[in-house]
Amino acid sequence: MKHYFLYILTAFLLISCGNEDPISSIHEQKDAFESHRLPQGNHPYDATIQSIFAQTGTLVLYKYQPSEFDWGVTRNYLWTKERMADEGYLYQLPDEKYVGEQVKMLQTEFLNLFPSSFLKKHLPLRILLCSELYYLEGGYTTEPTHDDYKPVNAFEGYEFFAVNHGNSTIEKMTRQEKDEFRIELCKLLLRRIYPTINKGALREAIPEAFATISTYGTDVDGSLDAGFIDDRHKNSVREDWYDYLQTIVSTPASELQTADGLLSHQKVKQKYEVVINYFKNNFKVDLQHIGDLSTAQ
């Protein structure tokens, strides 16, 4: 299914070749599939990348066209001086000298935490490796300064994750920085499987056992005692569910289980147990193990 979608995506990219916009066009049609061919080089890590593709159906790319990063159905993601009013992202291709370390970190801090069957269904078509990845808010009337460039670990574009740290600094990353990298990627993946717009078979169901614990609505109690981690989401089962997912993968059990921790609230604990058991039974994924990794070292 990912391969079929890839062909559709490439067809759209080829159609865009007639567009004179330098942001969204491909310079030569013959390059349309170029970055989708593995191996992309003859480095030792190319074999690892091919192994990841065999296990997940996702292409890990360190060579790709600008259009593959900035193209989307309704928007471009790549920020430029000509579009200072819009938010966007800036990136650089990775330094191939450090791609091996980048791929290793991608595996140990992210991919290895989920079974292949889960990744095959829910990972995007491509993971685009970057040496630099920044987010810029919109609304600029003059060129932004260096401080306006906010580095991010990862970003989800149209059928891709962009992943940072393909440069020399990866050798000096602290345990905390790697934890943040892992947490951010896990949050992206978990958000992806419960999209705002129903995507048919690509969307997983939220168990009824979770939704029946709390009463939802704009006028209901949104407190922890009512089972809500974030009272802003007391009107949305989906957002409430995601609050639990992102909290679990970013928080060790020891912190959740303290005397005044989140699990000291009965309905929160009930929802927590539904989430944990649902992922274990349906996906063979231990979300709390991921959260506990933040205290592993």
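Here is a walk through the inside of this structure, which is a predicted model.

Let's start in the middle. The largest nonpolar core holds 57 residues, and Phe110, Phe114, Phe279 and Leu287 are the ones with the most contacts inside it. Where does the core sit? Domain 1 (30–193) and domain 2 (208–293) both give residues to it, so the core lies between the two.

Setting aside neighbours within four places in sequence, Phe279 touches Phe118, Leu190, Ile193, Tyr194, Trp241, Leu245, Lys284, Val285 and Leu287. There is also a second, separate core of 16 residues, and among its members are Leu59, Tyr64, Leu78 and Tyr135.

Now look at helix α4, residues 99–109. Its buried residues are Val99, Gln102, Val103, Met105, Leu106 and Glu109. They span an arc of only 160° around the axis, which means they are on the same side of α4.

Next, the aromatic rings. The whole structure contains 22 aromatic pairs. One of them joins tryptophan 79 and tyrosine 140 edge-to-face, with 6.2 Å from centre to centre and 80° between the planes. Tryptophan 79 is in the loop between α3 (66–70) and β2 (88–92), while tyrosine 140 is in the loop between β4 (132–136) and β5 (150–151), so this pair ties together parts 61 residues apart in sequence. Tryptophan 79 is buried at 5% relative accessibility, and tyrosine 140 is buried too, at 19%.

Tyrosine 216 and phenylalanine 228 make another pair: their ring centres are 5.3 Å apart and their planes meet at 85°, so this one is edge-to-face. Both residues lie in the loop between α7 (208–211) and α8 (237–250), so the pair ties together parts 12 residues apart in sequence.

Last, the cysteines. How many disulfides are there? The count is zero. Cysteine 130 is buried, with a relative accessible area of 0%, and cysteine 186 is buried with a relative accessible area of 0% as well.

How values were computed: Residues are numbered from 1 along each chain as its sequence is written. This is a predicted model: local features need pLDDT of at least 70, side-chain atom pairs count only at pLDDT 80 or more; totals for chains, interfaces and linings use all residues. Side-chain values use heavy atoms; hydrogens and water are left out. A nonpolar core is a set of buried Ala, Val, Leu, Ile, Met, Phe, Trp, Tyr and Cys residues joined through side-chain atoms within 4.5 Å. Buried means under 20% relative accessible area, exposed over 50%, partly exposed in between (1.4 Å probe, protein chains only). Domain bounds come from an automatic or database domain assignment. Contact means heavy atoms within 4.5 Å. Helices (H or I, at least four residues) and strands (E, at least two) are DSSP runs, numbered from the N terminus. The arc is that of the directions from the helix axis to the C-beta atoms. A disulfide is a pair of cysteine sulfur atoms within 2.5 Å. Rings of Phe, Tyr and Trp (its six-membered ring) pair if their centres lie within 6.5 Å; planes under 30 degrees apart count as stacked, over 60 as edge-to-face and the rest as tilted.
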